[in-house]
Structures are given as structure tokens and as C-alpha cells.
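Visitor: Please show me the structure. Then walk me through it.

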Amino acid sequence: MSFENVNVKPEIVSALKKIGIETPTPIQEKSIPLIHSGKDVVGISNTGSGKTAAFGVPMLQHIQKKGKIQALVMAPTRELVVQIAKELEKFSKNLNLFIATVYGGVGFDPQVKNLAKADIVVSTPGRMLDHIEHNTINLTQLTCFVLDEADKMVEMGFIEDITRILDHTPKNKQMLLFGATISDEINRIKADYMTNPETIEADVYVKQELLEQYYYNVKPHEKFSLLCHLLRKEETHGVIIFCSTRATVELISKNLKTQNIKNDMIHGKLTQNRRLKVIEAFNKEKVNVLVASSVAARGLHIDHVSHVFNYDLSRDPEEYIHRIGRTARAGQRGKAITLLSQKDYPSFDEINSRFNVSIEKLPPEQFERLRFDMKSGQQRRGHFNNRSFGGPRGHGRSHHSQRQGSSHGRSRFGGQKKSSFGFNDIHTR
Ligand code: ADP
Ligand code: MG
């Protein structure tokens, strides 16, 4: 199966080839013919399955260079807008179209100038409404409206904005809605704004044979030590450590630094600029370890992740699927390792019962107990997260015996292997 097979025009096929996109993913294979045929489409598939091209490629094919806005793509965050626009630019490299981005937090007037000559606009909801209210955008020539990350739009409370924007667009247009999951709100949009939509679902799970999923049973106060031990033991090429709260993200990031494990963090309270920079540094392999809260990382284009660690589990079992979907992409192998303690059991049970996943238990590891500073910020009163070595029954062996013992991870972690703190067994707070 190739893009020619689904009637993508040569200019686009060659541009795709240049960036290594040669075989359509399942969602692309399904969506492209439908979108070509002019149908309204709801496309559901997991993160990393290639949804941008699934709507972008067929959409681009029907746009002409005329300096009138023919397509509007809505995304929930500025990062996503930038990312989608960049992808579309790559896909349309040989088409010479003008793609404008619109989002808040930056000047209004430059956007107005760009809007006046745009063929395609990628936008967040808030700023789009501003332009509509100020009459600084002309949507009369619009033929295609795309709602990307529809589920996140719902999550972030943007659905009303979206319907308001839709009310300002021509009735007779193609509507495409893409996301990782579908909810009642999305169904409402489908019912109110789409004409005989066709729903396609594809590749809901990461390829099981490429993704190995494991868990360790670990006491909460030993999690950090086990994490460091695994980071040093595993051979990693890009690691994301997911935590369910921002506070945990900050603490883990800080404590990893104390252990000389170089890392960046990303969570919802960081400015968008900062988040973009962090992702860029990670994608350029300047940093090997990213500590992230799930929502902050959702939908962002993150490359080459060999390992996903779940430091804890989110209460939403579906989150697990999103998280592990960050690795084992594009034919690469990946590992997802969950550090499981009592608090995570309910989510874990639900994940196992609701999804077709096989998460294998690994025997306890023997690891050094490390000091864990529970205080965020500058204060440094000790709290020691470990009181004993390893698991209750001593010397665990990973299923990957070939990787045992020898490898201590890539040197992107930076030099020092062991903690400079001594062992401690007393809580000071
Ligand atoms: P989603 O929106 O579903 O999360 P993206 O559209 O962001 O996924 O695509 C994820 C990654 O996969 C991107 O780096 C993209 O360039 C790449 N990709 C998309 N389609 C293909 C394909 N057919 N073959 C190889 N890589 C692809
Ligand atoms: Mg996407």
C-alpha cells in the first residue's frame, strides 16, 4: 500500500517521501479516500498514529494557491498549532501554499497581515474568536474545517468556542474531526455540525510486538531509588517519565538532577514557550530524560522514545494507553515500565480489564537506596525515601538477561553514577 494507491498527487507523495513517510498508517489508509470523496469524517486513533497526515494530506490536495482561506484547522494549544502547521508545510512543500498560524500570547496585527494572504489557517479557539469578533478574518471561502485533538478540546472546555466559530463558517463545507477518543460532547458536534459523517477507527493500540510492557511492585518510598537504578541499568535512547501531578514532576526532576541524571520537565504550569523549548531540546537529543505530566505531553510531537516510565498511574485508565503510545512508534521498539504501589492498584486493575494489554511483572531488583528531597524549591531538609535494599526477596533478575548487569544506560545521563549522599535511615521531618 502506498500513497499513490489512495490517489495522493505526486507533488505531495514526493514531499512525504522526503520526510520518510512512504506507507500510509491504518488511519491514513482509511481516511484519505473518504476525505477525497468529500465526506465528513470522524477519525479516531491513538496518539502517534499519524492523524495529522490522515487529514492534512487529502485536505492539502484540494486547496489552491489563491490567498483565500480555504481550510481552517483548530487545535487546543499553541504548541499543537505550531506543530501541525510545520507538518502541513512539509507535506505541501511542493504546493507553494501559504499557511498562517493563529494563537494567543503574541501580537494580533502580524496575524491579521498573514490572514489576508493565507490559504490555510491553523489556530487555537480563543484567538480565532478574537479575529472573528474584530472582523479580521474572512472565512467565506472556507471549504474544509478540521477539529484536531477533539477529545482534548473537550477536556480543556473549548467546545463552546468551537461551536461559536463553526457558526461563523459557511454551511457548505467539509468537516473533519480527529482525536484519540470519542465522547458525548464530540457526538453532539457530530450531530449538530456534520453531514452524514463517516466514523473510522484504526490502530487503537500500539503494536504489541514492538512494545514491551512491564511493571515492578515497589513500595512508595522506594520508587525513586528504583527509578534511578533502572535509568542507569536500561539502555535508553530517549526516556519519558510520566507522573500524575505537577508536584511529582517537579520533585522527580529535581531529585534526578541531584543524582546527576540530566533531565528536563514539562507540565501544565510552564509557559508554552518553555514547553516548546523543552520538547525541541528533547527531540534534538540534547536531553535524554523528560519528566512529564500526562496532559502537558498529550498530542505533542515527541520523537525517539525508547522508554516510558510510569512513576505512578493516572486515575484515568485510558491515560496509560496515551502514555505508552509515546514509545514504539514508527516501527521502533519500545519499553513501558510501570512502578506500581498500592495507590496505583485500582487504575492498574482497570487498565488490565478494559484494554487488551499484557503487562508483565518483573521480579524485584536490588538497588541502592537514595536520598529523596521531598521539598520543592530551595529548601533542603532531608527526607529519605528508602529504608531497605531491593525488594523483599533479594536479587531480582529482569527478563532481559542479556541486558543485565553490564549496561548502565547511555552517557547522556552525565558522568557520576552513584549518589554522593550517604545512606540514611532516619526521617528528619
Ligand atoms: P497523531 O496526531 O496521531 O498523534 P502525528 O500525526 O503527530 O500523530 O504523527 C506522529 C509521527 O508519525 C510524526 O512524526 C509523523 O511525521 C509520523 N508519521 C505520520 N505518518 C507516517 C507514515 N505514514 N509513516 C511514517 N511516519 C509517519
Ligand atoms: Mg495529532
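**Cores and ligand**

Visitor: Which residues have the most contacts inside the largest nonpolar core?
Guide: A nonpolar core is a set of buried Ala, Val, Leu, Ile, Met, Phe, Trp, Tyr and Cys residues joined through side-chain atoms within 4.5 Å. Buried means under 20% relative accessible area, with a 1.4 Å probe and protein chains only. The largest such core has 40 residues, and those with the most contacts inside it are Met59, Leu88 and Ile120.

Visitor: Which helix gives the most to this core?
Guide: Helices are DSSP runs of H or I, at least four residues, numbered from the N terminus. The top contributor gives 7 residues and spans residues 78–91: helix α4.

Guide: A word on the source. This is a predicted model: local features need pLDDT of at least 70, side-chain atom pairs count only at pLDDT 80 or more, and totals for chains, interfaces and linings use all residues. Residues are numbered from 1 along each chain as written, chains are lettered from A and ligands numbered from 1 in written order, and side-chain values use heavy atoms, without hydrogens and water.

Visitor: How many residues surround ligand 1?
Guide: Here a residue counts if one of its heavy atoms lies within 4 Å of the ligand. The closest are Thr23, Gln28, Gly48, Lys51 and Thr52, and the total is 16.

Visitor: What distance separates an oxygen atom of ligand 1 from an N or O atom in the side chain of Thr52?
Guide: A polar contact is a pair of N or O atoms within 3.5 Å. Backbone atoms take part at Ser49, at 3.2 Å, and at Gly50, at 3.1 Å. For the Thr52 side chain, the distance is 2.7 Å.

Note on methods. Buried < 20%, exposed > 50% of the residue type's maximum accessible area, 1.4 Å probe, protein only. Helix = DSSP H or I, 4+ residues; strand = E, 2+ residues; numbered from the N terminus. Polar contact = N/O pair within 3.5 Å; in protein donor to acceptor, adjacent residues only side chain to side chain.
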